Amino acid sequence: MKRFTYLYIIVFVLFNLVACINPVSDFEQAAYLKFITVEASLSDLTEAQKVKLYWSADRIDGTSGFTPITGAKVWLTTASGSTINYVESGVTSAKGVYSSPDTFKGVVGEIYTLHFRLSNGKEYESSPEKMRKAPEIENLITRFEINDVYSKADPRRAGFNIYADFQDDPAAGDYYQWFWKHYERAEFCVTCYSGAKYNFATTNCDPPRIPTDEVWNYICSAPCWNLTFSNELNIMSDALMNGQRLTGKKVARVPFDNYSKYYLRLEQRSITKDAYDYYQSLSNQTQNTGTLFDVPAETRFSLNIKSKTDLTEKILGIFDVYAVKKRVFYIDRQTGVPADERPLMNFGVGEVYSCPPGAPNCQDRVPCLEGLYRTPFKPEGWID
């Protein structure tokens, strides 16, 4: 399953801050600079290990985006002498994505170095990163809590906070990150607005000659799940509690937008110091300044990936090596809720599209395509 790491969550957070505080319609980076953007993570989970390479946009104008870097050679080396070669995806929608062999996963205690070479011969490598053991999640508590600074109509007001207990390792220098994913059944796989109809050949919504207010929802042709995930950086150093048992660490907050049970996959990660420093600098700067463009360049650029052919070149992203302890569970969103509290439910709009009677060769069910927010693969621990 394709999995996006924290690089794009960071971008999501930063750009939302920009949009809320100081909208930018056409920002040009200095000298139209583009930077190599690396989204690389290695865990000890039995999941595909991915490296994603892109050129960043040279401006923010509503149309520019990341350009995939294809034709690169990507590999890992270990301190014990192994080499793991990554293979570029042949799927059009996954250009710039390089995957390890299916059987490969990180091993606690091993030291890994990322390497990649572009088609123009430029070569890059990370600093060696050691995978450290993650502590077990000993206990989880779910509690309905209200944040009174928001109005009753604001979805941020009411929600369920998740608190974890765990034992920190006696060795100094541990760094932690918490990340969660939520899956829910997708009834519709495509929604077309303004009277548009879905084109099964192009997989796009074809607009009509004259736009209307019609909204058409297309049912998924096979089991499908929508995916959301944490969009904030939740990290911690053990500097002030080394070797202690930590109780009541807030690790997630989920919305009160329905009474249904809420699937949550929580990951407790043991990250490297480089990753912690990188995320910490981003977190501090965005909280202090509120905008992407006020963040000093040295905090946005990678702390552990360098060019071997041009030592002055700046790289965006981080090589993130971490071990994981995870817990999959369901949150009962009726427990602990005061009688006068109601969920802020989201109701869909539009009509369900169905083929007109007698229409030849008509299709009205859309395939579930793998993407950032959707997957055809049944989540671990899913209960129908």
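The second largest pocket holds about 850 Å³ of space. A pocket here is an open set of points on a 1 Å grid over the protein atoms alone, where a 1.4 Å probe fits, with protein on both sides within 12 Å along at least five of seven lines; lining residues have an atom within 4 Å of a point. Points are joined across faces, edges and corners, and the volume is the space filled by probe spheres set on them. Of the 30 lining residues, those closest to the centre are Glu184, Arg185, Asn226, Asn346 and Gly348. Strand 15 (175–185), strand 16 (188–192), strand 20 (225–229) and strand 23 (262–271) each supply at least two residues of this lining. Strands are DSSP runs of E, at least two residues, numbered from the N terminus.

Before going on: this is a predicted model, where local features need pLDDT of at least 70 and side-chain atom pairs count only at pLDDT 80 or more, while totals for chains, interfaces and linings use all residues. Residues are numbered from 1 along each chain as its sequence is written, and side-chain values use heavy atoms, without hydrogens and water.

Now the disulfides, meaning pairs of cysteine sulfur atoms within 2.5 Å. The whole structure has 4. In sequence order of the bonded cysteines, the pairing runs 1-4, 2-3, 5-8, 6-7.

Strand 16 comes up again here. Cysteine 189 is bonded to cysteine 220, with the sulfur atoms 2.1 Å apart. Cysteine 189 sits in strand 16 and cysteine 220 in strand 19 (residues 216–220), 31 residues apart. Cysteine 189 counts as buried because its relative accessibility is 8%; the cut-offs are under 20% for buried, over 50% for exposed and partly exposed in between, with a 1.4 Å probe and protein chains only.

Cysteine 224 pairs with cysteine 368, S to S 2.0 Å. That link spans 144 residues, and both cysteines are buried.

What is the handedness of the link between cysteine 355 and cysteine 362? The torsion about its S-S bond is about -90°, so this disulfide is left-handed. By contrast, the link of cysteine 224 and cysteine 368 is right-handed, with 60°.

Last, confidence. pLDDT is the predictor's confidence in each residue, from 0 to 100. The protein averages 86, and 85% of the residues score at least 70. Over residues 288–299 the pLDDT is below 50, and the model gives that stretch 27 contacts beyond near neighbours in sequence, a contact being heavy atoms within 4.5 Å.

Conventions
Helices (H or I, at least four residues) and strands (E, at least two) are DSSP runs, numbered from the N terminus.
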